[in-house]
Amino acid sequence: MPVTANLFPFCRKFAEIVHFGGVENMKTFNIQTYKNLIKEVGGLTVENSFLFLGKVQETFGCVPREVVRDVAMKTGFSEARIYGALTSYRDFKVGRE
Amino acid sequence: MKETKLLTRWVGKYEPLDLKGYEAHGGLAALKRALAMGPESIIEEIKRAGLVGRGGAGFPTGPKWAMVAGEKQGQKYLICNAEEGEIGTFKDKVLLDGDPWMVLEGILIAACAVGAEKTYIYINGEYDQTVELWESLVVEARKAGLLGDNILGSKISLDLQVVKSKGLYITGEEFALISSLEMRRAASRLKPPYPTEKGLFGRPTVVNNVETLANVPVILAEGVEAYRKLGVADEPGTRLFSLSGDVKKSGVYELEIGSGTLAEFINEFGRGTASGRPIKTVQPGGGTSRFLARDSLKCKLTAKDIRQAGSGIGTAGVIVYEEGKRAVDIVKELMEFYGFESCGRCAPCRIGVVRMKEIIDKVFQGEGTNEDLEQLRQIGKACVAVSTCGMGQAFPLPILSALELFPQDFEAAIEKVSE
């Protein structure tokens, strides 16, 4: 049996802790709260998308992938660009599917 | 030597969200005057007052605004830079927390002068309470008609958005800040074009420090002549100095520019060094400025005199180190910070910072050689010469000056091994 197969579950667990900053910090995503956040910033536009994602991070403890998709659709930024930004800042965490 | 309270005159005099209290002290007079004056005369007044940027680079504010105001068509942006990540600098927080309406007034006047309809304030991510305060401040300002359409009955429409920085030192640099608002990773860009030509979303953008913008309502309310009476001819006005390091009493002090020497400032306001030992060295302009030897502390507190003494005033964050600290330790601590914070956009900083850190660690552990120190010098000089942004050009400066001023510290660290 290859060593990697044994290591894989461990690696997966480790990756979760490192990249998502501890799963226990994340709060469950709530669509109503999310909609209220959009209302709070006065509609999602290109100009306020960065601060909006900051608010999402603070509310849910991470930026869920669904939110990235939604922001990409509403602002016209590519998903890759948003992930590029999110992963480069220290205070952002990308949530799981 | 006394404090001259000009920007900090109303700090703590009213409740932060109380607009009536601010107006009772004489606030909003400058904004009303500015709206009556029109953009050209505001810029003319600021030019006559000789206001220079307080964020570190020291670019004159009036000409910067004039460049953006010259562009007549399309969207323009104004960003108030409250990121303040520089080591040893905490002056902006005093203004943001203690007198937020004055900073807001400065932002509004600046936006009117350059014709920007969208403004941002970009606050350091560690200032949680300040961000909360500013978010409620914007709501209050909308209610009072200071933000939104037709502010105070004029034809100008304005909007302010509070952005919380997401924890990178480099976002204090203007292009990195703009990149982050554009949803890119925070990294500097080659200049020119400057932000005044092609900034946020490719439009002309003014990026000003909090202290610079706080000066604006003061100039318009007190008049240019009264403002120019303070300070020296080249640099009128006052400056906020943040004092920290090995002193008995650290804090933020507002001083008239050129009113005393650096040594007097440290002794009178800092009440001497923490342990009573003499001062070894001082960084007068935040963590990226050159070290000053004890003999050069007699320089006056102006940008010109400090430059002549061999350093730079930068953000005016005075860090004091007392006798008994090794230069190697100080430099190692600084390098750890900059090694962590380099954005990786350009090679000299990305690679240089790691190599310099390795060499300093080696010297710190007592395994260094003379060639290592020579290499440290060469990498540092290369970094200063070819880096894109202010950080890469500035972080080797303390190390280079430490090698010049305290060669005995480094030699002692090297000799330990060879024994």
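Residues are numbered from 1 along each chain as its sequence is written, while chains are lettered from A and ligands numbered from 1 in the order in which they are written. In this predicted model, local features need pLDDT of at least 70, side-chain atom pairs count only at pLDDT 80 or more, and totals for chains, interfaces and linings use all residues; side-chain values use heavy atoms, with hydrogens and water left out.

**View 1. Where chain A meets chain B.**
Chain A brings 21 residues to the contact and chain B brings 25 residues (contact means heavy atoms within 4.5 Å). The size of an interface is often given as the accessible area lost when the parts come together. Here the area buried between chain A and chain B is about 2,000 Å², and carbon and sulfur atoms give 54% of that (buried area is the accessible area, with a 1.4 Å probe, that two parts lose on being put together, summed over both). Look for A:Glu47, A:Phe50 and A:Arg90: these residues supply 37% of the area that chain A buries against chain B, more than any other three residues.

Between chain A and chain B the count is five salt bridges (a salt bridge is a side-chain nitrogen of Lys or Arg within 4 Å of a carboxyl oxygen of Asp or Glu). In one of the salt bridges, the side chain of A:Lys55 meets that of B:Glu135 at 3.1 Å, N to O. Across the interface of chain A and chain B, 12 residue pairs are in polar contact, both residues at pLDDT 80 or more. (A polar contact is a pair of N or O atoms within 3.5 Å; within protein, one must be able to donate a hydrogen and the other to accept it, and residues adjacent in sequence count only if both atoms are side-chain atoms.) Helix H3 (49–60) and helix H5 (79–88) of chain A each supply at least two residues of the side of chain A that touches chain B. (Helices, H or I with at least four residues, and strands, E with at least two, are DSSP runs numbered from the N terminus.) The largest share of that side of chain A, eight residues, comes from H3(A).

**View 2. A:Glu58 reaching over to B:Lys166.**
The side chains of A:Glu58 and B:Lys166 meet in a salt bridge of 3.7 Å, N to O. This pair crosses between chains, from helix H3 of chain A to the loop between strand E3 (159–164) and helix H8 (174–181) of chain B. A:Glu58 counts as partly exposed because its relative accessibility is 46%, whereas B:Lys166 is buried, with a relative accessible area of 4%. (Buried means under 20% relative accessible area, exposed over 50%, and partly exposed in between, with a 1.4 Å probe and protein chains only.)

**View 3. Two salt bridges within chain B.**
B:Arg48 pairs with B:Glu45 in a salt bridge, the closest N and O atoms being 3.3 Å apart. Both B:Arg48 and B:Glu45 sit in helix H3 (residues 39–49) of chain B, three residues apart, or about one turn of the helix. B:Arg48 is partly exposed at 41% relative accessibility, but B:Glu45 is buried at 12%. The other salt bridge joins B:Arg326 to B:Asp329, with the closest N and O atoms 3.0 Å apart. Here B:Arg326 is partly exposed, with a relative accessible area of 27%, and B:Asp329 is partly exposed at 30%.

**View 4. Edge-to-face rings in each chain.**
The count comes to 19 aromatic pairs over all chains. (Rings of Phe, Tyr and Trp, the last by its six-membered ring, pair if their centres lie within 6.5 Å; planes under 30 degrees apart count as stacked, over 60 as edge-to-face and the rest as tilted.) A:Tyr89 and A:Phe92 make an edge-to-face pair, 6.2 Å centre to centre with 80 degrees between the planes. A:Tyr89 is buried at 2% relative accessibility, and A:Phe92 is buried at 7%. Over in chain B, B:Trp10 and B:Tyr22 are also edge-to-face, at 5.6 Å centre to centre and 85 degrees between the planes. This pair links distant parts of the chain: B:Trp10 lies in the segment before helix H1 (19–24) of chain B and B:Tyr22 in helix H1, 12 residues apart.

**View 5. An aromatic cluster in chain A.**
A:Phe29, A:Tyr34, A:Phe52 and A:Phe60 form one aromatic cluster. A:Phe60 belongs to helix H3 of chain A and counts as buried because its relative accessibility is 3%.
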